[in-house]
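Work through these exercises with the structure open beside you. Each task is followed by its solution in steps.

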Amino acid sequence: MTTSTTWADIQRLAADLQRVQLAEGSKRLSEANCVEVVTMLMSMGLVQLVITTDGKEYVTRKHLVTECANECLAAGGRISLTELASQLNVDLDHVQTAINQLLNQHRTDDGISAAAEFVVCAGELVHREFINDLCVRINSRLEEHGQMSLLQLTKQWELSTEMLNFHILPEIGDRPPARICAVRFEENLCTPRYIAALRKKINAILVAITK
């Protein structure tokens, strides 16, 4: 195949091959022959495919990116890269390459990253909506109980230190537009209402003592 071969030429050859394979008779290629043809095309750089770990299927790199995104969403917006590799039946290095492509889809020509839908955090692929929803749940938990420790927070939602420091704690503030309305005191989070109530109790105790 010459260097002037176009993608249209390859598509026509693929269509011809499909017709041969669908026809009955001795002209059909065996599975081994098909694998040999695909391997040759890959070695010539004419197609870029990822082979599954069992060697039975091929997937385009572009489609693998889509599958990584879909699997993450199907898992609720958070999935480990090792679990992704297992679910998609491909090597981990292919998943990591696909994830990099997924993240770079939101990078502009000048290299500035736009607000990406996905982030990679502590070996997990996480969708932004998962983080947003988690902030809402943490805020509701704080409104209900008034305070909670960072240890409780990380245990309840199985958060890594990286997730906590880079995606949760920056959302904390005592006024809008903070997603989590709270104040941090060392390793504890308290709502402004809880702090105000605590101050009233302390003032009441001090007044009672000084009478």
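Buried means under 20% relative accessible area, exposed means over 50%, and partly exposed lies in between. Keep in mind that this is a predicted model.

**Exercise 1.** Classify Asp174 and Arg175 as buried, partly exposed or exposed.

Step 1. Asp174 has 38% relative accessibility, so Asp174 is partly exposed.
Step 2. Arg175 has 55%, so Arg175 is exposed.
Step 3. Now look at the side chains: Arg175 and Asp174 meet in a salt bridge, at 3.3 Å from N to O.

**Exercise 2.** Find what joins Arg78 to Glu124, and decide how accessible each residue is.

Step 1. The two side chains form a salt bridge, with 2.9 Å from N to O.
Step 2. Arg78 is in strand 3 (residues 78–80) and Glu124 is in strand 5 (residues 124–127). They are 46 residues apart, so the pair links distant parts of the chain.
Step 3. Check accessibility. Arg78 is at 18% and counts as buried. Glu124 is at 17% and is buried too.

**Exercise 3.** Describe how helix 6 and helix 8 pack.

Step 1. Two packed helices are described by the angle between their axes and the distance between the axes.
Step 2. For helix 6 (residues 128–145) and helix 8 (residues 161–168), the angle is about 85° and the axes are 12 Å apart.
Step 3. Angles of 65 to 115 degrees count as roughly perpendicular. Helix 6 is therefore roughly perpendicular to helix 8.
Step 4. List the contact. Helix 6 uses Arg128, Ile131, Leu134, Cys135 and Ile138, while helix 8 uses Met163, His167 and Ile168.
Step 5. Sort by class: six residues are nonpolar, one is polar and one is charged.

**Exercise 4.** Which residues of the largest nonpolar core touch the most other members?

Step 1. The core has 22 residues, and the answer is Ile138, Leu153, Ile168 and Ile180.
Step 2. Find the elements. Strand 4 (118–121), helix 6, helix 7 (150–157) and helix 8 each give two or more residues.
Step 3. Helix 6 gives the most, with six residues.
Step 4. Take Ile168 up close. Leaving aside neighbours within four places in sequence, Ile168 is in contact with Leu134, Cys135, Ile138, Leu159, Met163 and Ile180.
Step 5. A second, separate core has 19 residues, including Leu84, Val95, Ala98 and Ile99.

Technical notes
Residues are numbered from 1 along each chain as its sequence is written. This is a predicted model: local features need pLDDT of at least 70, side-chain atom pairs count only at pLDDT 80 or more; totals for chains, interfaces and linings use all residues. Side-chain values use heavy atoms; hydrogens and water are left out. Axes are lines fitted to C-alpha atoms, for helices over the stretch in contact, and angles run from 0 to 180 degrees between N-to-C directions. Helices (H or I, at least four residues) and strands (E, at least two) are DSSP runs, numbered from the N terminus. Angles under 35 degrees count as roughly parallel, over 145 as roughly antiparallel, 65 to 115 as roughly perpendicular and the rest as oblique. Contact means heavy atoms within 4.5 Å. Ala, Val, Leu, Ile, Met, Phe, Trp, Tyr, Cys and Pro count as nonpolar, Asp, Glu, Lys and Arg as charged, and the others, Gly among them, as polar. A nonpolar core is a set of buried Ala, Val, Leu, Ile, Met, Phe, Trp, Tyr and Cys residues joined through side-chain atoms within 4.5 Å. Buried means under 20% relative accessible area, exposed over 50%, partly exposed in between (1.4 Å probe, protein chains only). A salt bridge is a side-chain nitrogen of Lys or Arg within 4 Å of a carboxyl oxygen of Asp or Glu.
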